Amino acid sequence: MNQTQRRGLARLMLRWPQRRMELKDRCGQDTRFLELSEAYETACGAANYWAKSGSPEGQTRAEEYRALAFEIERDIDEFF
């Protein structure tokens, strides 16, 4: 598991504390889940970056990345 996947898993465990053990177990068993964890971390990080940006399109981009993170959450939720 790489650093980005670890951070994604940590975010997911904060998002769904009641599923922490399931999430950890899934990481060890499923490479697709690891890819989704990595994508989730990337989307959340980008949303945070754009939310803090002084750029005129910053808030729009932040919303786009939040929507992407939500879609990834839905994909992950299908695992359970």
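Trainee: Which hand does the crossing of α1 and α2 have?
Mentor: The crossing of α1 and α2 is right-handed. Keep in mind that this is a predicted model.

Trainee: Which residues make that contact?
Mentor: From α1 there are Leu9, Leu12, Met13 and Leu14, and from α2 there are Arg20, Leu23, Lys24 and Cys27. By type, the residues of this contact divide into six nonpolar, no polar and two charged.

Trainee: What numbers do I need to describe two packed helices?
Mentor: Two packed helices are described by the angle between their axes and the distance between the axes.

Trainee: What are they for α1 and α2?
Mentor: The axes of α1, residues 3–15, and α2, residues 20–29, come within 9 Å and cross at roughly 155°. The two helices are therefore roughly antiparallel to each other, as the angle is over 145 degrees.

Trainee: And at what angle do α1 and α3 cross?
Mentor: At roughly 80°, with the axes coming within 7 Å; α3 covers residues 31–52. That makes α1 roughly perpendicular to α3.

Trainee: Which residues are in that contact?
Mentor: On the α1 side, Thr4, Gln5, Arg7, Gly8, Leu9, Arg11, Leu12 and Arg15 take part. On the α3 side, the list is Phe33, Leu34, Glu35, Ser37, Glu38, Tyr40, Glu41, Thr42, Cys44, Gly45 and Asn48.

Trainee: How do those divide by type?
Mentor: Six are nonpolar, seven polar and six charged.

Trainee: Take Gln5. Is Gln5 buried or exposed?
Mentor: Gln5 sits in α1 and counts as buried, at 10% relative accessibility.

Trainee: What does the side chain of Gln5 make a polar contact with?
Mentor: With the side chain of Glu38, at 3.5 Å. Setting aside neighbours within four places in sequence, Gln5 is in contact with Leu34, Glu35, Ser37 and Glu38.

Trainee: Next along, Arg6. What is the relative accessible area of Arg6?
Mentor: Arg6, also a residue of α1, has a relative accessible area of 45% and is partly exposed.

Trainee: Where does the side chain of Arg6 reach?
Mentor: To the backbone oxygen of Met1, at 2.6 Å.

Trainee: Changing topic. Where is Ile76 found?
Mentor: In α4, which is residues 58–77. At 0% relative accessibility, Ile76 counts as buried.

Trainee: What does Ile76 touch?
Mentor: Leaving out residues up to four places away in sequence, Ile76 touches Leu12, Trp16, Leu23, Phe33 and Leu36. Leu12 also belongs to the α1 side of the contact with α2, and Leu23 to the α2 side.

Trainee: And how far is Ile76 from Gly58?
Mentor: Those two are 18 residues apart in sequence and 27 Å apart in space, C-alpha to C-alpha.

Trainee: Let's zoom out. How many helices and strands are there?
Mentor: Four helices and zero strands, so to write the order from the N terminus you put α-α-α-α.

Trainee: What does the C-alpha trace span?
Mentor: About 40 × 25 × 20 Å along its principal axes. Of the 80 residues, 36% are buried.

Trainee: What share of the contacts is between residues 24 or more positions apart?
Mentor: Among contacts with a separation of 6 or more, 63%.

Methods:
Residues are numbered from 1 along each chain as its sequence is written. This is a predicted model: local features need pLDDT of at least 70, side-chain atom pairs count only at pLDDT 80 or more; totals for chains, interfaces and linings use all residues. Side-chain values use heavy atoms; hydrogens and water are left out. Axes are lines fitted to C-alpha atoms, for helices over the stretch in contact, and angles run from 0 to 180 degrees between N-to-C directions. Angles under 35 degrees count as roughly parallel, over 145 as roughly antiparallel, 65 to 115 as roughly perpendicular and the rest as oblique. A crossing is left-handed if the near helix is turned anticlockwise from the far one by less than a right angle, and right-handed if clockwise. Contact means heavy atoms within 4.5 Å. Ala, Val, Leu, Ile, Met, Phe, Trp, Tyr, Cys and Pro count as nonpolar, Asp, Glu, Lys and Arg as charged, and the others, Gly among them, as polar. Buried means under 20% relative accessible area, exposed over 50%, partly exposed in between (1.4 Å probe, protein chains only). A polar contact is a pair of N or O atoms within 3.5 Å; within protein, one must be able to donate a hydrogen and the other to accept it, and residues adjacent in sequence count only if both atoms are side-chain atoms.
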